[in-house]
Amino acid sequence: MRLSELANPSRFNALAERVLPWLVVATVLAFVLGLYQALFVAPDDYQQGATVKIMFIHVPSAWLGMLGWALMSVSALGTLVWRHPLADVAMKTAAPIGAGFTLICLVTGALWGRPTWGTYWVWDARLTSVLVLFLMYLGVIALWRTVEDPSRAARAAAVLTLVGAINLPIIKFSVDWWNTLHQPASVLRLGGSTIYPTILMPLLIMAVAFTLLFVTLHLSAMRNEILRRRVRTLRLMRAAAANP
Amino acid sequence: MALAALLGRDMRLAVRVGGGALMGVLFFLIVVAMVPFALGPDLALLARTGPAILWLGALLASLLALDRLFAADHEDGSLDLILMGRAPLELAVAAKALAHWLTTGLPLVIAAPLLGLFLNLAPGAIGAVALTLLVGTPALTCIGLIGAALAVALRRGGLLVPILVLPLTIPVLIFGVAASNAATTSAVPFGTPFTVLVALTLMSAVVGPFAAAAALRHGLD
């Protein structure tokens, strides 16, 4: 099943329908395992107590918010450069899901910051750039909803997505480039991770669970979008036939 | 040759009736005049927040003038002529951006010192704000190019262009105000945020026309 064979929407839908039940089961299992590890196996922090366990939701949400925009950027290249027929469907459906995860990241971060930093919000580099990412997600969604023709909207959204992709390295390296309140990188950095394995393992399992959730939501959203476009075409055809 | 003609045409159209060239300055003046009504007449507070007020006013004025860039040309078909012309679309878009900046951005820079007096800014701060606006308003124009090009074919775009453009202009705003403040306080040397501002302008001068040209090409099929 090559990528070019998946370009046929009907074949994609058929494949998605076959794969989705397994994905749902895998997601649920991963979450059960991850939450068990996070809540019962991982130890409390010596300073923060149990509050540190917000991290197991906050960090994977942040990673997935950025993954969403990265996926949209690749799809944007697929739309503009390779003209893959389903690239714009992938791009359109990833936006609300990525925005949701970014919002979860911002909200859980605020809830975590209140007891540990003493404030819900601070205008440091990382929080500001993630907020900008969220605003850009909303902007792309607004663009999709403003242009009527889906294929024209796709190309405009693709250009905007590629321009906004500059924000991703800014978010990643913001804690290195600026003096921020948010803690520096501790998982993906030169010299290896600085997190102790008893906390790193549950974090990675939760990350896998969140990623499976993203893929499940994204695939079913893509299937819905394909069906939605079919309905739109049928409606247009019916309206054209009724008014010759 | 065609680029010079395009530049001249845009500038002449902008200053004539219906061109809206000086509307941006008028909006800038009105917005900056309204801020003391909201903040209160405390001169010390106005002096402290003056650079930020001027920068925000310039940003909003540039934003509102963006629909002048492509909409009129799209309506009467000249945009299609430009697209089909022999000059590369990126350079044609850059020429239009230059004309737009000369007629919208540069008047803002000239008006800023006068408005700085309204806000009780120190002479050093006024100079710094004017200089950072001179360097930063081209960046605002070039980033705005992208939003204007994306929304060119929309009849009722509404607030879409500001929604798309404002997040991208945040770095310019941050460093513009930081440089203006650095000129009066001695915490950070003026050169540090100023060079970053210059870098942002140079980067947007390249990325803006390219992205806008791509948006025009793909959006006008």
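In this predicted model, chain A contains 7 helices and 0 strands, and its sequence order reads α-α-α-α-α-α-α. The C-alpha trace of chain A extends over about 75 × 35 × 30 Å along its principal axes. Of the 244 residues in chain A, 34% are buried. When contacts in chain A between residues at least 6 apart in sequence are considered, 76% of them link residues at least 24 apart.

**Helix H2 of chain B**

Helix H2 of chain B covers residues 23–39, a total of 17 residues. From first to last C-alpha, H2(B) reaches 25 Å, close to the 24 Å expected at 1.5 Å a residue.

| State in H2(B) | Residues |
|---|---|
| Buried | Gly24(B), Val25(B), Phe28(B), Val32(B), Val35(B) |
| Exposed | Ile30(B), Met34(B), Phe37(B), Ala38(B) |

The buried residues Gly24(B), Val25(B), Phe28(B), Val32(B) and Val35(B) lie on the same side of H2(B) because they cover an arc of only 100° around the axis. An α-helix has 3.6 residues a turn, so residues three or four places apart point the same way. The exposed residues Ile30(B), Met34(B), Phe37(B) and Ala38(B) are on the other side of H2(B). The packing partners of the buried residues of H2(B) are helix H3 (43–64) and helix H6 (89–118) of chain B. After H2(B) comes Gly40(B), which has a positive phi, near 95°.

**Nonpolar core**

The largest nonpolar core comprises 123 residues. Within this core, the residues with the most contacts are Leu145(B), Ala149(B), Leu150(B) and Ala215(B). Helix H7 (residues 123–150) of chain B supplies the largest share of the core, 15 residues.

Which residues does Leu145(B) contact, leaving aside its neighbours within four places in sequence? Leu145(B) is in contact with Leu69(B), Val93(B), Ala97(B), Gly208(B), Pro209(B) and Ala212(B).

How values were computed. Residues are numbered from 1 along each chain as its sequence is written. Chains are lettered from A and ligands numbered from 1 in the order in which they are written. This is a predicted model: local features need pLDDT of at least 70, side-chain atom pairs count only at pLDDT 80 or more; totals for chains, interfaces and linings use all residues. Helices (H or I, at least four residues) and strands (E, at least two) are DSSP runs, numbered from the N terminus. A residue is buried if 20 or more other C-beta atoms lie within 10 Å of its own, exposed if 12 or fewer, and partly exposed in between; C-beta atoms are placed from the backbone. Two residues are in contact if their C-beta atoms, placed from the backbone, lie within 7 Å. The expected span of a helix is 1.5 Å times one less than its number of residues. The arc is that of the directions from the helix axis to the C-beta atoms. A nonpolar core is a set of buried Ala, Val, Leu, Ile, Met, Phe, Trp, Tyr and Cys residues joined through C-beta atoms within 7 Å.
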